[in-house]
Amino acid sequence: MCSPDVMKLVHGQDGHQCGGHSGADAETATTAEAQDAPRPARAPAPLIRGSRVSDLTHTFGNDFPVLEPIVLKPNIDHFAHIADEGFNANKLEIDEHTGTHVDGPAHLVDGPIYTDEIPIDRLIAPLCVIRIGDRVAKDHDATLTADDILAYERRHGRIPDGALVVMDSGWCDRINTPGAYINRDADGVPHFPGLGFDAAEFLVRERSIVAAGTDTPSLDASKNLQIDDPGAHRIILGDMRYGVENIANLDTVPDFGATVLVGMIKHRKGFAGPCRVFGIY
């Protein structure tokens, strides 16, 4: 029989009978007990330690404002119910240009780069936000200009290679006010800001961006769409560059220094597609 002190050292408690166990047997038994014991739950590791993450994506439903008739309204049908089928499911009928979405390189040309072919490293980029809300408050047809970009660079330095450059016009605030987002006048003509042709040319010719974006329904200001000249689209898209439209909550990320992640739907031969956009900083 072991002494009480020895039993306490080997088994961790008083009064345990050694019986015929050797020291090795006792260690094996203790290990087996530890493996069988339930383990405490572990908290998941953060995506990026010490970082903040902003959701730059609008929630869309059947009432999301779209630029009709160019863009079809979404139709979300709750077709399966727990009470009837035993599960819930929605059927989604959506235009590729629904909600916060990507315009792909093949949007205005037939190939060769579809959205599912955009290299994934181009969907993670430095985020540069250029704010023109003060001017847009006075002129709903205002555009981002090359001078705006140069003024931004004087404050923050040169736009880095591989960046996603986004116009923040404050238009996101209109999303929940009926009629305000498309902003049609008495004649039914929409009015909203977008990228000026000179800004688009500067970003493509003078800087090495992967994409450009707006917080409005289109890369182009509505006035360009009225004359059937989507010039900002034609300049930005192509050569694996893409656009992001209807970006939300840009007031929650800094002008410079954030990283953007564009989590895009991946359907074969896509010309565009809804996306979930995150700003990480």
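Author: What follows is a set of questions and answers on this structure.

Author: This is a predicted model, in which local features need pLDDT of at least 70, side-chain atom pairs count only at pLDDT 80 or more, and totals for chains, interfaces and linings use all residues. Residues are numbered from 1 along each chain as its sequence is written, and side-chain values use heavy atoms, with hydrogens and water left out.

Reader: How many helices and strands does the protein chain have?

Author: Helices (H or I, at least four residues) and strands (E, at least two) are DSSP runs, numbered from the N terminus. On that basis, the secondary structure of the protein chain comes to eight helices and 12 strands.

Reader: What percentage of the residues in the protein chain is buried?

Author: Buried means under 20% relative accessible area, exposed over 50%, and partly exposed in between (1.4 Å probe, protein chains only). The protein chain has 281 residues, and the buried share is 42%.

Reader: How many residues are in the second, separate core?

Author: Leu127, Val129, Leu250 and Met264 are among its members. This second core is separate and has 22 residues.

Reader: What covers the buried residues of helix 6?

Author: Ala199, Ala200, Phe202, Leu203 and Val204 are buried in helix 6. Contact means heavy atoms within 4.5 Å. The cover includes strand 6 (143-144), helix 5, strand 7 and helix 8.

Reader: Which residues does Ile236 contact, leaving aside its neighbours within four places in sequence?

Author: Ile236 is one of the residues that touch the most other members of the largest core. Its contacts beyond those neighbours are Leu195, Ala200, Val204, Ile209, Ala212, Leu219, Arg241 and Tyr242.

Reader: Which residues of strand 7 point each way?

Author: In a regular strand, side chains alternate between the two faces of the sheet. Five of the five residues in strand 7 are buried. Leu164, Val166 and Asp168 point one way, and the other way point Val165 and Met167.

Reader: In strand 9, which residue is the bridge partner of Met167?

Author: Two strands pair if DSSP finds at least two bridges between them. Strand 5 and strand 7 are parallel, with five bridges, and Arg131 has Asp168 as its partner in strand 7. Strand 7 also runs parallel to strand 9 (residues 211-214), joined by four bridges. There, the partner of Met167 is Thr214.

Reader: Why is the pair of Phe64 and Tyr181 edge-to-face?

Author: Rings of Phe, Tyr and Trp (its six-membered ring) pair if their centres lie within 6.5 Å; planes under 30 degrees apart count as stacked, over 60 as edge-to-face and the rest as tilted. The pair links the loop between strand 1 (53-55) and strand 2 (75-80) to the loop between strand 7 and strand 8 (194-195), 117 residues apart. Phe64 is buried at 3% relative accessibility, and Tyr181 is buried at 1%. The pair counts as edge-to-face because the centres are 6.4 Å apart and the planes lie at 65°.

Reader: Where is the peptide bond that is cis?

Author: Most residues other than glycine have a negative phi, and most peptide bonds are trans. Pro69 lies in the loop between strand 1 and strand 2. The cis bond, with omega near 0°, runs from Glu68 to Pro69.

Reader: Is Asn249 buried or partly exposed?

Author: Asn246 has phi near 60°, and so does Asn249. Asn246 is in the loop between strand 10 (242-245) and strand 11 (258-264), and Asn249 is also found in that loop. Asn246 is buried, with a relative accessible area of 4%. At 29% relative accessibility, Asn249 is partly exposed.

Reader: What separates the C-alpha atoms of Ile113 and Arg241?

Author: Ile113 is in the loop between strand 4 (101-103) and strand 5. Ile113 is partly exposed, at 22% relative accessible area. Along the chain, Ile113 and Arg241 are 128 residues apart, yet their C-alpha atoms are separated by 9.3 Å.

Methods
Core = buried A, V, L, I, M, F, W, Y, C linked by side-chain atoms within 4.5 Å.
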